Amino acid sequence: MNDAERLRRELRAAREELIRKQPDHTDETAPTASCLPLMPGRDEAFLRLAMMSREELETHVERLERDLDDLEGRIDCPEE
């Protein structure tokens, strides 16, 4: 698996985790939908994402998107 594919997989997993962490309740004290231990439907390679807060995940997604853009930009325009 190449770097771009690895970044895409992690980006997809991070976005899915963000969706899981969307509040299902209006009460702020309600438990989150995302809890360890092992959760069905999660990619084992990215279980650490489940430990991140919503804010951390949003920042991580932004970084992954930038990294992927940079990587694909280098592929499209190789150094001369």
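Is Asp3 buried, exposed or partly exposed? Asp3 is partly exposed, since its relative accessible area is 48%; buried means under 20% relative accessible area, exposed means over 50%, and partly exposed lies in between, using a 1.4 Å probe and protein chains only. The structure is a predicted model, in which local features need pLDDT of at least 70 and side-chain atom pairs count only at pLDDT 80 or more, while totals for chains, interfaces and linings use all residues. Residues are numbered from 1 along each chain as its sequence is written, and side-chain values use heavy atoms, with hydrogens and water left out.

**Overall composition**

- The protein chain has 2 helices and 0 strands; helices (H or I, at least four residues) and strands (E, at least two) are DSSP runs, numbered from the N terminus.
- Of the 80 residues in the protein chain, 28% are buried.
- The chain exposes about 6,100 Å², and carbon and sulfur atoms supply 50% of that area; accessible areas come from the Shrake-Rupley method with a 1.4 Å probe, and for residues only the protein chains shown count as cover.
- When contacts (heavy atoms within 4.5 Å) between residues at least 6 apart in sequence are considered, 67% join residues at least 24 apart.

**Helix H1**

- The 18 residues of H1 should span 26 Å at 1.5 Å a residue, and the end C-alpha atoms are 26 Å apart, which agrees; the expected span is 1.5 Å times one less than the number of residues.
- At the start of H1, the backbone nitrogen of Ala4 has a side-chain oxygen of Asn2 within 3.2 Å.
- The buried residues of H1 include Ala4, Leu7, Leu11 and Ala13, together with Glu10 and Glu17.
- Leu18 is found in helix H1 and is buried, its relative accessible area being 13%.
- Leaving out residues up to four places away in sequence, Leu18 touches Arg54, Leu57, Glu58 and Val61.
- Leu18 and Glu56 are 38 residues apart along the chain, and their C-alpha atoms are separated by 9.8 Å.

**Nonpolar core**

- In soluble globular proteins, nonpolar side chains tend to be buried together.
- The largest nonpolar core here contains 14 residues, and Ala14, Leu49 and Leu57 have the most contacts inside it; such a core is a set of buried Ala, Val, Leu, Ile, Met, Phe, Trp, Tyr and Cys residues joined through side-chain atoms within 4.5 Å.
- Helix H1 (3-20) and helix H2 (54-76) each supply at least two residues of this core, and H1 gives the most, with 6 residues.
- Apart from neighbours within four places in sequence, Leu49 is in contact with Glu10, Ala13, Ala14, Glu17, Lys21, Leu57 and His60.

**His60**

- His60 belongs to helix H2 and counts as buried, at 12% relative accessibility.
- With neighbours within four places in sequence set aside, the contacts of His60 are Glu10, Ala14, Arg48, Leu49 and Met52.

**Salt bridges**

- Side chains of opposite charge can pair when their charged atoms come close.
- The whole structure contains 7 salt bridges; a salt bridge is a side-chain nitrogen of Lys or Arg within 4 Å of a carboxyl oxygen of Asp or Glu.
- One of them joins Arg6 to Asp3, with the closest N and O atoms 2.9 Å apart.
- Arg6 and Asp3 are separated by about one helical turn, because they are 3 residues apart in helix H1.
- Arg6 is partly exposed, with a relative accessible area of 39%.
- Arg8 and Glu5 also meet in a salt bridge through their side chains, at 3.6 Å from N to O.
- Both Arg8 and Glu5 lie in helix H1, 3 residues apart, about one turn of the helix.
- Arg8 is partly exposed, with a relative accessible area of 30%, and Glu5 counts as partly exposed at 30% relative accessibility.
- A network of salt bridges links Glu5, Arg8 and Glu72.
- The side chains of Glu10 and Arg48 form a salt bridge at 2.5 Å, N to O.
- Glu10 lies in helix H1 and Arg48 in the loop between H1 and H2, so this pair ties together parts that are 38 residues apart in sequence.
- Glu10 is buried, with a relative accessible area of 11%, whereas Arg48 is partly exposed, at 41%.

Definitions and conventions:
A polar contact is a pair of N or O atoms within 3.5 Å; within protein, one must be able to donate a hydrogen and the other to accept it, and residues adjacent in sequence count only if both atoms are side-chain atoms.
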